[in-house]
Amino acid sequence: MDRIALVGIMVENIESIPALNELLHENMRYIKGRMGVPHAKGEVQVISVVLEAPADKINTLSGRLGRLDGVTAKTIYAKEREI
């Protein structure tokens with residue numbers, strides 16, 4: 001069963017952005033929306049990604065993102081329901 005989730009991503013090492021984008025590209029079929037907000041001083045990039053996917057896919061993506069150097073990723077799930 002697919003779940004709806006929001007993955008919040010904080011990027012403090014801009015050198016990790018190509019790898020981050022590659023992971024998102026690999027999972028683009030699950031991505032319903034993406035918004036990036038650069039910090040005015042360039043210290044951190046904030047990205048929100050809305051996904052609709054099986055929970056294991058969401059967890060795997062979030063975990064892989066969080067293992068990138070200088071990247072933190074946290075996931076929030078909508079309450080379970082039929083989609």
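A nonpolar core is a set of buried Ala, Val, Leu, Ile, Met, Phe, Trp, Tyr and Cys residues joined through side-chain atoms within 4.5 Å. The close-ups below come from a predicted model.

**View 1. The largest nonpolar core holds 18 residues.** Among its members, Ile9, Leu20, Leu51 and Leu65 touch the most others. Several elements each supply at least two residues of this core: strands β1 (2-11), β3 (45-54) and β4 (71-77), and helices α1 (17-26) and α2 (55-66).

**View 2. The surroundings of Ile9.** Sequence neighbours within four places are left aside here.

**View 3. Alanine 53, a buried residue of the model.** Alanine 53 lies in strand β3. Its relative accessible area is 1%; buried means under 20%, so alanine 53 counts as buried. Isoleucine 4 is 49 residues away in sequence, yet the two C-alpha atoms are 6.8 Å apart. Beyond neighbours within four places in sequence, alanine 53 is in contact with Met1, Asp2, Arg3, Tyr30 and Ile58.

**View 4. Helices α1 and α2 in contact.** Two packed helices are described by the angle between their axes and the distance between the axes. The axes of α1 and α2 come within 10 Å and cross at roughly 170°. Angles over 145 degrees count as roughly antiparallel, so α1 and α2 are roughly antiparallel to each other. From α1, the contact uses Leu20, Leu23, Leu24 and Glu26; from α2, Leu61, Arg64 and Leu65. Five of these contact residues are nonpolar, two are charged and none is polar.

Conventions
Residues are numbered from 1 along each chain as its sequence is written. This is a predicted model: local features need pLDDT of at least 70, side-chain atom pairs count only at pLDDT 80 or more; totals for chains, interfaces and linings use all residues. Side-chain values use heavy atoms; hydrogens and water are left out. Buried means under 20% relative accessible area, exposed over 50%, partly exposed in between (1.4 Å probe, protein chains only). Helices (H or I, at least four residues) and strands (E, at least two) are DSSP runs, numbered from the N terminus. Contact means heavy atoms within 4.5 Å. Axes are lines fitted to C-alpha atoms, for helices over the stretch in contact, and angles run from 0 to 180 degrees between N-to-C directions. Angles under 35 degrees count as roughly parallel, over 145 as roughly antiparallel, 65 to 115 as roughly perpendicular and the rest as oblique. Ala, Val, Leu, Ile, Met, Phe, Trp, Tyr, Cys and Pro count as nonpolar, Asp, Glu, Lys and Arg as charged, and the others, Gly among them, as polar.
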